[in-house]
Amino acid sequence: MKKKIGLFLCILFTSLFLIVSCGTVPENSSEEIEPVMVVPLRPEPEAEPVEEPEITEPAAEETDSVEEPAELFAETEEPVVEEQEIVPEADEPESDAEETAAEETVSEEPEAESETEPAEESEEFVILPEPEEPVVVEEPVEEQESAEEPAEETAPVEETVIIEPPVEEPEPDVFTLEKLLLQLQASLDKNPMSETLALFETVPPEFSESFTVKYLYATLLFSAGRYPEAAEITDWLFARYPDDADVLTLKMMLAKATGKSKDKTAVLNQIIQSDPYNTDANTELGDEQMLKKNWQKANTYYLTALAGNATNIDALAGYGQSSYYLGKLTESERTFKKMIDLDPQNAYAYSYLGKLAAEKYNYKEAVSYALKALEIEPDSYDYWLDYGTFLREQNKVEEAEQAWTKAISLRPDYFLGYVYRAGLYDDQDNIELALADYLQVVKCKPEYYFAYESLGVLFWIKGDYAAARNWFTKAYEMYPSNNIYSLIIAVSYYREGKAKDGKNYISKTVLKKFSKDSLEYAVARLFYDNVGPGTVATKIQNETNANRKAQMLFYLAEYYTSRSNFSLAQKYYILVHEMETPNFFEYRLNEYAITE
């Protein structure tokens with residue numbers, strides 16, 4: 001059956017995401033979820049529009065100015081000499097280029113003095129060649145231009161060089177319900193449930209009692225099987241939102257999980273009363289009827305659930321499965337294909353499409369669907385069983401054995417895999433392996449009486465009639481209404497050579513189980529009295545039910561075997577074989593007797 005955990009994880013990441021993104025809560029909610037205010041980033045300070053390349057360009061112009069020192073020098077007036085005294089106040093160190101130019105200027109000063117020596121008598125020649133003036137040539141153009149401006153205006157240039165661009169502060173990590181949902185989804189995909197639940201410890205106090213956080217927490221606690229904690233939060237939600245459909249559904253599933261059937265019924269009635277087409281409630285009612293094998297009623301509930309939500313996966317799965325059991329194979333196939341359209345990774349739908357293909361004897365397609373289901377859920381016990389069955393129908397014996405062995409490795413304590421593999425070994429006459437698997441069956445599921453019957457048959461074939469009688473007796477104890485077991489138990493005594501014990505068992509047990517006009521009674525009297533085998537043979541030949549006729553002929557053959565009349569016994573064994581009606585367990589014994 002479907003896993004209901006998927007139901008709540010679906011609710012978790014669909015309806016709640018809408019609640020969170022839309023900022024809504026249940027209508028009766030007194031709680032109002034306000035949009036989360038995101039703290040704005042601090043505005044960036046406005047910097048003066050000074051382009052950094054302008055600071056570096058004067059260096060290139062400086063080299064050009066050095067090539068024409070005469071012109072720059074000629075344009076320099078006496079105020080420039082005063083500005084030259086201000087320049088050293090700047091904190092900026094002179095570049096290597098400026099130092100080199102200055103040294104060159106100093107080295108040229110003697111030549112300038114030698115050129116002006118003949119004119120020492122003129123005062124004008126004494127003023128012009130001042131040694132410090134060529135240094136002005138090495139100053140950047142901006143310095144010369146700034147000479148015409150007030151000195152205070154040069155300060156912003158220095159600040160522009162020193163101040164670095166403002167660093168943008170990272171956006172603060174603000175808690176939102178949307179972020180919580182995304183964190184939960186990511187954690188569920190890769191972490192244990194305990195780590196996912198630990199994320200709720202990071203929820204700020206102002207959000208801890210919101211509907212969304214509480215509902216998410218209760219749902220995940222339920223999925224983790226922590227029912228008491230989930231119930232406590234669900235009761236808290238129910239007290240505040242008594243009419244909310246999601247809360248009622250969670251309350252109903254908790255009641256189901258904890259075995260509180262009355263509480264579950266009460267909640268279901270409350271949901272259906274307010275919403276007759278509620279998908280979750282009708283799906284749950286359908287599941288209840290499936291457990292009771294009331295396929296038709298379940299089918300109706302699932303159909304009602306789909307009227308409320310035509311794309312609900314659980315309702316579709318239930319409707320497809322109940323339709324399959326009702327023999328509505330076309331409707332079932334259509335439903336499961338719709339599930340694949342809605343959810344291409346739905347292994348459950350692929351598995352049933354495989355069963356439906358097998359119903360049409362299309363085992364190749366059935367194998368393909370089974371492989372697809374296993375690709376999605378490689379550890380599914382049921383899917384491996386189906387896969388092995390489809391392979392067996394294709395006579396792929398080794399592959400079928402491997403598939404069922406894989407299933408057994410996944411659930412070594414479950415009986416069905418052993419049943420399938422034991423039957424395969426039995427068909428191959430691998431008696432010892434078949435016996436080993438049937439012994440595992442009765443260990444895993446003691447009430448499975450067919451295994452006791454099979455063990456009786458196999459031990460009979462081995463010639464261990466005492467063990468065969470023991471297992472037939474256990475089968476009879478498990479299925480006392482099948483009185484034919486009493487007859488095979490009596491014959492086992494004769495096979496052991498214990499005719500007296502056989503007659504005693506017939507008189508005390510067998511003759512009391514059948515009416516005196518029955519074939520079974522006539523055969524039992526034949527063993528007990530050893531009188532009138534021809535009359536019994538005639539009575540059997542007049543039987544119209546082929547299966548019962550063949551079964552009684554086998555016991556007539558056993559009578560002749562107990563009397564060591566093997567030729568007549570073989571005659572009747574062959575007659576049973578030719579009837580080809582192997583719908584009773586004695587047919588296996590009959591086949592063995594022919595080759596014995």
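## Helix 14 and helix 15

At what angle do helix 14 and helix 15 pack, and how far apart are their axes? In this predicted model, helix 14 and helix 15 (residues 261–274) pack at about 155°, with axes 8 Å apart. Axes here are lines fitted to C-alpha atoms over the stretch in contact, and angles run from 0 to 180 degrees between N-to-C directions. The angle makes helix 14 roughly antiparallel to helix 15 (over 145 degrees counts as roughly antiparallel, under 35 as roughly parallel, 65 to 115 as roughly perpendicular, and the rest as oblique).

Which residues touch? Among those of helix 14 are L248, M252 and A255, and the helix 15 side includes V267, L268 and I271; contact means heavy atoms within 4.5 Å. By class, this contact has six nonpolar, two polar and four charged residues.

## Helix 12 and helix 14

Helix 14 (residues 245–257) also has helix 12 (residues 211–223) as a partner: their axes come within 11 Å and cross at roughly 20°. That makes helix 12 roughly parallel to helix 14.

F211, Y215, A218, T219 and F222 in helix 12 meet a helix 14 set that includes V247, L250 and L254.

## A look at L303

L303 sits in helix 17 (residues 295–308). With a relative accessible area of 45%, L303 is partly exposed (between buried, under 20%, and exposed, over 50%, using a 1.4 Å probe and protein chains only).

## How to read the values

Residues are numbered from 1 along each chain as its sequence is written. Local features need pLDDT of at least 70, side-chain atom pairs count only at pLDDT 80 or more, and totals for chains, interfaces and linings use all residues, while side-chain values use heavy atoms, leaving out hydrogens and water.

Terms used
Helices (H or I, at least four residues) and strands (E, at least two) are DSSP runs, numbered from the N terminus. Ala, Val, Leu, Ile, Met, Phe, Trp, Tyr, Cys and Pro count as nonpolar, Asp, Glu, Lys and Arg as charged, and the others, Gly among them, as polar.
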